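Consider the charged side chains of the model below and how they pair.

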Amino acid sequence: MSVNDKVSAVIYHDRNQVLRASVDFPYEIGSVHSLKAVDIDKKGVYFEIENNQNIFMPFTERTYKIIMDMTYPVAFKEDRNAYVYLTSKIRDLLRNDHSYEENDEVSGRIYSINKSIGAFIAVDDKYDSLLRIVELRGVHIEGELIEARVKEVKDDGKLELSLRQRAYLQMDDDSDKILDYLYENDGIAHLSDKSSPDKIYRVFNMSKSAFKRAIGRLYKNNDIIIYKDRIELKEDKYDRR
C-alpha cells in the first residue's frame, strides 16, 4: 500500500467519540456477537471489541437497560454516512438454518424478555430461540448466558428451549431432591399426590406431575411409603440416630 492508493475501510466512533478507520475490521456488518459493555455516558454505551478498541451504541439502539461489565448479544450496523455502530435490535438478524435437533444441548444469551411469552435467546450468537415463560424460574435479565436443551424444533427452524433435562433424567434429579428433603426432615414430608400444585412447588420447586412421577419411582424402589396426607421414608432407609 502506498500514498494515494484507494482502500476500503470501516469507520466507527471509539470510546472517546474519536472517528477511527480500520481496513481489516474483524466483524461483518449485520453479524451478531457477544460483547462486553465497558462504558456508559449520556450519548450511549461503549462495547469492547478486538485489539482493545471500543465501539459505540447510541441510546436509540438500546432496547433494555445495560449494565457495565456485562456481556450482551449485539449486532454491527452501518448508518447513512457509512459509520459503523452497534445495536441490540438483533431479532431480524438471527437465523434458523442450524443443524440442532430435539434434546441437543445449546447455549446463548437472552436478547429480549416478554413477560407474557418468555425469554428470546440468541443461540451461538446466530440462531433465534424461545424459552417460554412456564420454563423460567427466578429472575432473568437480558445478556444472561443460558444453558438449555432443545425442547422442539419448529417447522420454520426456530428453536424452543427448556431448562429441564429429558424426562427420565429429570425424574432422577427430582427423586434425589425428595430423598434429600426426607433425610433432612425426620423422614417425613407432609405432601402427597393429593396435595395442591402450589404447595408442592413451594416445597420442592417442581410441578405436581413431576412430583408424582418422582414419588412413584421412589415407591417402586421401596424407598418410601405413600399416605393420603404425607410420604415417609421407609425405616430401613433412614437412620434415626
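What follows is an account of salt bridges in a predicted model.

Local features need pLDDT of at least 70 in this predicted model, and side-chain atom pairs count only at pLDDT 80 or more, while totals for chains, interfaces and linings use all residues. Residues are numbered from 1 along each chain as its sequence is written, and side-chain values use heavy atoms, with hydrogens and water left out.

How many salt bridges does the structure hold? There are seven, where a salt bridge is a side-chain nitrogen of Lys or Arg within 4 Å of a carboxyl oxygen of Asp or Glu.

One of them joins Arg-95 to Asp-97, with an N to O distance of 2.8 Å. For the exposure of the partners, buried means under 20% relative accessible area, exposed over 50%, and partly exposed in between (1.4 Å probe, protein chains only). Arg-95 has a relative accessible area of 38% and is partly exposed, whereas Asp-97, at 51%, is exposed.

Another salt bridge links the side chains of Glu-232 and Arg-230, at 2.7 Å from N to O. Is Glu-232 buried or exposed? Its relative accessible area is 15%, so Glu-232 is buried. Arg-230 has 23% and is partly exposed.

Salt bridges with shared partners also connect Arg-132, Glu-152, Lys-154 and Glu-160 into one network. Within this group, the side chains of Glu-152 and Lys-154 meet at 3.5 Å, N to O. Glu-152 is partly exposed at 34% relative accessibility, and Lys-154 is partly exposed at 30%.
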